[in-house]
Amino acid sequence: MSQYGQYIDSYYQATCHVLPLQPQLDTDIEADVCIIGGGLTGMNAAIELRKRGFDVVVLEAGRISWAASGRNGGQCLVGYCLGLREVDEVYGPQWGKQLWDLSCESVDIVRERIAEFNINCDFQHNYIELALKPSQEKELRSWLELKQTRYDYPHASWWDKAKIQEVTSSERYLGGLFDSNSGHLHPLNYTIGLARAAIDLGARVFEQSPAVKLEKGAVNVIKTEKGSVKAKQVLLACNAYLEGLDRKAQSTVLPVASYIAVTEQLGDRQPITNKMAMSDLNNCLDYFRPTADGRILFGGVNHPFNGEYADSEERLRQRMLKVFPHLDDVKMDFHWGGMFAVTREYMPQIDHLGDDVYVAHGYTGHGVGLANIAGRVVAEAMAGTAERFDVFARIKHKWIPTPQTLRTPALAMAIWKAQIEDSLSY
Ligand SMILES: Cc1cc2nc3c(=O)[nH]c(=O)nc-3n(C[C@H](O)[C@H](O)[C@H](O)COP(=O)(O)OP(=O)(O)OC[C@H]3O[C@@H](n4cnc5c(N)ncnc54)[C@H](O)[C@@H]3O)c2cc1C
């Protein structure tokens with residue numbers, strides 16, 4: 001996987017609404033806020049901060065949305081990687097409800113942004129989370145009960161095996177929790193749309209300008225290879241690519257690779273007839289959805305050392321055939337990989353690190369939605385109202401070692417454990 005650069009070859013790159021290359025920072029400048037990282041988190045924060053009148057600079061190491069935000073599965077979901085029942089148990093009913101409401105606002109923000117800035121990104125409602133075994137069905141049913149009883153959420157319903165088969169032709173699942181409020185989109189075009197909006201609102205965006213050093217103080221100084229930014233407040237929005245800038249922030253997230261393949265156009269053979277996004281409840285899950293031009297985009301496959309299998313495209317194809325066996329003659333037109341950031345709590349870290357330096361990352365596979373609310377609550381906190389920000393900042397995050405020699409075995413152990421749990425049949 002190449003480090004910082006141009007967009008990788010992908011379905012998204014092949015269908016993107018290109019943003020003209022933004023300048024490289026080659027001088028010393030000042031701003032109220034410097035955002036490091038031009039993905040979904042950084043661009044959302046830039047919009048929210050400009051709306052509050054801050055002078056904003058964004059430094060992006062490669063191109064805008066070059067990393068996870070331009071490569072992901074596009075599933076735009078309410079909730080967290082940590083399951084709803086566990087959120088409720090770990091954080092208690094009141095805090096759990098606040099967290100839930102903020103996750104719902106994430107998806108509301110996506111719809112708002114698309115309408116406000118006229119972003120063409122193929123947004124499509126509907127999503128189903130699928131049970132492969134009885135324990136998963138029990139778990140999903142407990143989430144449905146919570147949504148319907150305590151969470152005032154009118155968009156969820158239970159689909160049995162027959163209904164899933166009727167709509168998708170897949171016989172694989174015991175049942176699923178359907179959600180008409182979540183959905184999916186073209187993440188590269190969405191993030192590029194956000195970048196255009198931020199630039200139109202007056203944010204200064206620099207591409208190919210990696211921050212190489214953060215000197216903290218009363219005024220923070222961020223150095224790039226050819227210039228620098230002096231800024232009172234800083235947001236680290238680098239997610240899985242944070243290396244080197246801040247050890248404290250880096251020590252709560254573990255980068256994990258995931259891979260995606262996209263079929264040729266399927267025409268009237270498209271099995272997902274209602275266009276919903278789908279994923280199963282395994283730890284090393286399959287996630288998939290139809291694209292706007294009638295393909296299937298299928299993601300999954302974890303490598304224990306974040307390496308790439310030589311045959312990752314074929315591995316994804318075989319996983320897709322377990323869901324849709326009748327697509328065995330279909331070829332894959334695209335495949336690629338990317339890194340996302342996982343925390344030990346399966347909850348994001350949206351936090352204040354001291355010295356007016358903030359961090360928002362570690363959405364653990366849920367950043368297409370959650371990065372939107374992260375940008376908003378960080379902007380609120382920078383503007384002096386930290387009430388909603390604190391709902392996230394109060395989450396305690398456990399430490400993950402930063403030296404790669406320790407991270408690699410930690411990741412391998414976590415993935416092998418997850419795969420063993422997935423293989424159990426109850
Ligand atoms: C294959 C894959 C599939 C996924 N599928 C889904 C999904 O279906 N649904 C979902 O909700 N989430 C999914 N995710 C996760 C989701 O993509 C992320 O949570 C989200 O994009 C995070 O956005 P971000 O802006 O925080 O980080 P990123 O998009 O990773 O952006 C970080 C940016 O920071 C820049 N950067 C790093 N260091 C520096 C530096 N020193 N100076 C300047 N810039 C720097 C990087 O170049 C990068 O552009 C997936 C991720 C992957 C990789």
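A: **The shell around the ligand**

The shell around the ligand is made up of 20 nonpolar, 15 polar and two charged residues; here Ala, Val, Leu, Ile, Met, Phe, Trp, Tyr, Cys and Pro count as nonpolar, Asp, Glu, Lys and Arg as charged, and the others, Gly among them, as polar. The model is a predicted one, in which local features need pLDDT of at least 70 and side-chain atom pairs count only at pLDDT 80 or more, while totals for chains, interfaces and linings use all residues. Residues are numbered from 1 along each chain as its sequence is written, and side-chain values use heavy atoms, with hydrogens and water left out.

In total, 37 residues surround the ligand, each with a heavy atom within 4 Å of it. The closest are Thr41, Glu60, Ser69, Gln75 and Ala211.

Helix H2 (40-51), strand S11 (254-263), strand S15 (332-342) and helix H9 (367-382) each supply at least two residues of this shell. Helices (H or I, at least four residues) and strands (E, at least two) are DSSP runs, numbered from the N terminus. S15 gives the most, with three residues.

A polar side-chain atom of serine 69 is 2.5 Å from a ligand oxygen atom. A backbone N or O atom of valine 368 lies 2.9 Å from an oxygen atom of the ligand, and a polar backbone atom of tyrosine 241 is 3.2 Å from a ligand nitrogen atom. The protein covers 97% of the 1,000 Å² of accessible area that the ligand has on its own, by the Shrake-Rupley method with a 1.4 Å probe.

Methods:
Polar contact = N/O pair within 3.5 Å; in protein donor to acceptor, adjacent residues only side chain to side chain.
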